[in-house]
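Try each task before reading its solution.

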Amino acid sequence: MRCRSLRTGCLISETEPDDKCGRKLGCVNGRRNKITKKTAPKGDDGHKIVSVRMKEELLERLDTLSAKTNRSRNELINLLLEPAIDIVTVEE
């Protein structure tokens with residue numbers, strides 16, 4: 001691979017510096033760019049984002065409860081939905 005940032009047109013690789021300029025692939029002005037890896041990508045925490053349509057009156061009730069409890073809508077929806085799923089029965 002040719003070094004695009006140098007006029008010498010030296011060859012560079014990912015691991016070994018070139019004799020002409022000492023650069024490696026990913027270097028800028030002879031210095032290696034380092035980026036740390038994130039610990040966990042978004043979405044790998046076991047949670048998924050969903051969108052829910054609800055009537056305005058229900059949303060107002062949720063907002064009222066949110067204000068009274070100092071909890072977010074998201075937290076309240078999860079707290080209320082979890083036990084509700086366990087008590088539902090499906091009729092055929």
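**Exercise 1. Decide whether S66 is buried or exposed, and find what surrounds this residue.**

Step 1: S66 sits in helix α1, residues 56–69; helices here are DSSP runs of H or I with at least four residues, strands are runs of E with at least two, and both are numbered from the N terminus.

Step 2: Check the accessibility. S66 has a relative accessible area of 15%, so S66 is buried. The scale calls a residue buried under 20% relative accessible area, exposed over 50% and partly exposed in between, using a 1.4 Å probe and protein chains only.

Step 3: List the partners. Setting aside residues up to four places away in sequence, S66 touches R71, S72, R73 and L76, where contact means heavy atoms within 4.5 Å.

Before going on, a word on the source: this is a predicted model, in which local features need pLDDT of at least 70 and side-chain atom pairs count only at pLDDT 80 or more, while totals for chains, interfaces and linings use all residues. Residues are numbered from 1 along each chain as its sequence is written, and side-chain values use heavy atoms, with hydrogens and water left out.

**Exercise 2. Work out how α1 and α2 are oriented and which residues meet between them.**

Step 1: Take the axes, which are lines fitted to C-alpha atoms, for helices over the stretch in contact, with angles from 0 to 180 degrees between N-to-C directions. The axes of α1 and helix α2 (residues 73–87) come within 9 Å and cross at roughly 105°.

Step 2: Classify the angle. The two helices, α1 and α2, are therefore roughly perpendicular; the classes are roughly parallel under 35 degrees, roughly antiparallel over 145, roughly perpendicular from 65 to 115, and oblique for the rest.

Step 3: Read off the contact. From α1 come L59, L62, D63, L65, S66 and T69, and they meet R73, L76, I77 and L80 of α2. By class, the residues of this contact are six nonpolar, two polar and two charged. Here Ala, Val, Leu, Ile, Met, Phe, Trp, Tyr, Cys and Pro are nonpolar, Asp, Glu, Lys and Arg are charged, and the others, Gly among them, are polar.

**Exercise 3. Describe the setting of I77.**

Step 1: I77 belongs to helix α2. With 35% relative accessibility, I77 counts as partly exposed.

Step 2: Beyond its neighbours within four places in sequence, I77 is in contact with M54 and L62. The C-alpha atoms of I77 and L62 are 8.3 Å apart, although 15 residues separate the two along the chain.

**Exercise 4. Give the order of elements and the buried share for the protein.**

Step 1: The protein has two helices and two strands, arranged along the sequence as β-β-α-α.

Step 2: Of its 92 residues, 10% count as buried.
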